[in-house]
Amino acid sequence: MCYNGGVCDDKTGKCICPPGFKGPNCVTACPAYSFGWNCEFRCGGRNLFGSSCNFVQFSLPDPFGISCISGRYGSGCSSGCPTGRFGADCLQECHCMFADNGCNSTTGVCNFGGCTDGWLGTNCQIPDVCPVGYYGLNCASMCHCNGKAACDKHTGYCSGRCAPGSTCVSWQCDSGYFGEDCSKACYCKDDTPCDAITGSCRSGLCLEQYQSDGTGICQFLLPVLSQPPKVEVDTTSATVRWEAWGSHPMDAGDGPVIEYTIYRSNPSTGSWVRVSTVQAKYQPPEGFSFLIDPLQQLTVYNFSVAAVREGDGGEGPRSPETTIRTEPQAMTIGTNIGLIVAVCALIAVIVIVVVVDYLRFRRFSKRLRPKSHSIASAVNMNSLAAYDNPLADDIPRNSVTMEGYDDVGNDANDGADAATTYEEVDLPWTKSLTVPIDQLSLGVKVIGTGHFGEVRLATVLLSDGHLKAAVKQLQVNAPASENERFLEEYRTLKDIGTHPNIVRMLAVAFHEDVLYVALEYLSNGDLRTYLRGARPDGGVGQSSLSDAKLLQFAFDVAKGMQHIAASGVIHRKVAAASILLDENMVPKISGFGLARCAEVIVEKPKKLFPPPRWMALESLKTNTFTSKSDVWSFGILLWEISSVGATPYAGIKSTSLGTRFENGYRLPKPDSCNDEIYGLMQQCWQENPKDRPPFKKVASILEGMAKGHKQQRYIQMSPRSETPHYLNIRPDQDDK
Ligand SMILES: Nc1ncnc2c1ncn2[C@@H]1O[C@H](COP(=O)(O)OP(=O)(O)OP(=O)(O)O)[C@@H](O)[C@H]1O
């Protein structure tokens, strides 16, 4: 947009400003009697022509040609502008509230009062509503909405879709994307580009597993199982059976199917829980089956299976479900003498076990007493040297010495006990992770406190040495629902598998009905605290945190979230406080306490609900959580990074957020980030979850920024000497 009579050069797209105005959009008025690209020439009293501006004409590039100085018109430029006019040859109209008083004939600034309705700016030449297709400061930037619709005047984002082949604010899709909003991925061989509008591969060749649909677009349809699984139950287990994808004429979509995911419902919340996957490679003639246990007796469960193709997002929808109730314990005392004898024998065994356990507990407590701050572990390093944990192979080798760790119980008397403390507990998912309790040494240091109590520094002995670990434990006396939540948290983490940007579970151990979970130790605390300390006024100093590092944080977290979303998990607590930093400052997603394995609508409990300031509109309004609500929260996390640790919506009550969001309110742009990164946040905060980019797209946009940070400043840390203009930190509103 060119103002004050400036015109746009149809070759370069740049504004050619009229005499008396300068700047990329001709908004800046030159001082009186001056003109030129930078107002460098003057006329009048002390001008370079040595004469008055009257009767002087100037030669400017087309389309102005010969014209008068601003504020003059007529042959020989001898007349001043009439009231209501200003600019070169007096061609511009004043837009002042008091029209009779007119405006300054050179600058257009109102002689009295402000602008008339619909106009803004120092000289009232900026329309209040940008013309269709423009947005931003002075309506100077172009937007690209589908159907040439208008866009948001501040952000450039379209209320509907972006024009095909554009991202609303840019005409170019990132490589590998096309279509409206550039939201569709194209799958061309060797990452060759596709047409930004149609999506057809320029090379005409598709990635393996994808087929051209005849128009040159490479795609596949997700495989759909049309039949519910058959389920047989007993008291505490269920056998789920299903036929291979494609066995039934109603099965739809494209193969090849590489595996199946088995789901069951969680009886207390009704949400879906991903139980396990079964490889599709070896197809048993009688169909597939999977045993799920343990289940609660006399409880109603739903079961479903989904077929999975190779690649990200290759899992099809869940099959129709089968609902069934587990059996009650069958006992017909009186009709079966043998059974009564068995029951008596069982009771006797239980009594013996309880007595033995009690005696062991007393002995164990005795061991604890002198060092009450730590839990015992009897480490016998020599005998365990050959222990092989498959996980250990891909664990970073932060091996430690045993100094500073309290091997309580590792004294002369305990040697014999150590071997007997290991107890097998029936949790199938822990199998590959379980280590004997004597391989775990709990340190004295409490490194944090979470919902399930203290988190302690520890070491765990795996195949090649002691690794530092953060250990959480489930209290024996925890209520059943808590128990379930704790187990759910770590089963989810186990299902997600390993990723460099997700906290890793090293091992689990059982001891006297306590479950210990050892996570890799992340020594640099959480990202929010780190960012706050790294503000130039925060003490750590600018040297510890470059703009590139801030972008890298965002990119790394996005990669981790892409992996979580691809595993079918919703995190529900994506926030800088949930990101922990390892010894090399690599961010790792943590805090899986609220994670779920499927789209969920939850009843709002009083505590343990996700932090509202990070929640998406639909989560606040209808308690609905999906991967796209995680994308919203990621947008808030990106804002936390860009504002170097500010509190979102500081000063605003979180109870008012839902209504504010519905009215279009969103977090403002931090001064420290540029339009492009704020644009990405805006995309994450689209009202309709479908309009938010998937994590794959978010990660690829951030990757582009991380690579291009030398050419462009996406996030700017203020130097120490400058007064930082960072947004507020309000610990009272941090939604801990
Ligand atoms: N792997 C780890 N390495 C280092 N410190 C950790 C680790 N895990 C947790 N902590 C510390 O312990 C604190 C509590 O962690 P925890 O995960 O229990 O918190 P939480 O917010 O209650 O999580 P959740 O909602 O998952 O239960 C964290 O804030 C952090 O300081």
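Predicted model: local features only at pLDDT ≥ 70, side-chain atom pairs only at ≥ 80, totals over all residues.

Guide: Helix α10 spans residues 675-684, and because eight of its ten residues are buried, the helix is largely enclosed by the rest of the structure. Among the buried residues are Ile 677, Tyr 678, Leu 680 and Met 681, and the list also includes Gln 682, Gln 683 and Cys 684. What covers the buried residues of α10 includes α6 (547-566), α8 and α11.

Two of these covering helices also meet each other: the axes of α8 (residues 627-642) and α11 (residues 695-708) come within 10 Å and cross at roughly 25°, which makes α8 roughly parallel to α11. In this contact, Ser 627, Asp 630, Val 631, Phe 634 and Leu 638 of α8 meet Phe 695, Val 698 and Leu 702 of α11, and by class the contact has six nonpolar, one polar and one charged residues.

Aromatic rings take part here as well, for the structure holds 14 aromatic pairs, and in one of them the rings of Phe 634 and Phe 695 have their centres 5.9 Å apart and their planes at 90°, so the pair is edge-to-face. This pair links distant parts of the chain, since Phe 634 in helix α8 and Phe 695 in helix α11 are 61 residues apart. Phe 634 counts as buried at 0% relative accessibility, and Phe 695 counts as buried at 3%.

Notes: Residues numbered from 1 in each chain as written. Heavy atoms only, no water. Axes fitted to C-alpha atoms, helices over the stretch in contact; angles between N-to-C directions. Helix = DSSP H or I, 4+ residues; strand = E, 2+ residues; numbered from the N terminus. Parallel < 35°, antiparallel > 145°, perpendicular 65-115°, else oblique. Contact = heavy atoms within 4.5 Å. Nonpolar A, V, L, I, M, F, W, Y, C, P; charged D, E, K, R; others polar. Buried < 20%, exposed > 50% of the residue type's maximum accessible area, 1.4 Å probe, protein only. Phe/Tyr/Trp six-rings, centres within 6.5 Å; stacked < 30°, edge-to-face > 60°.
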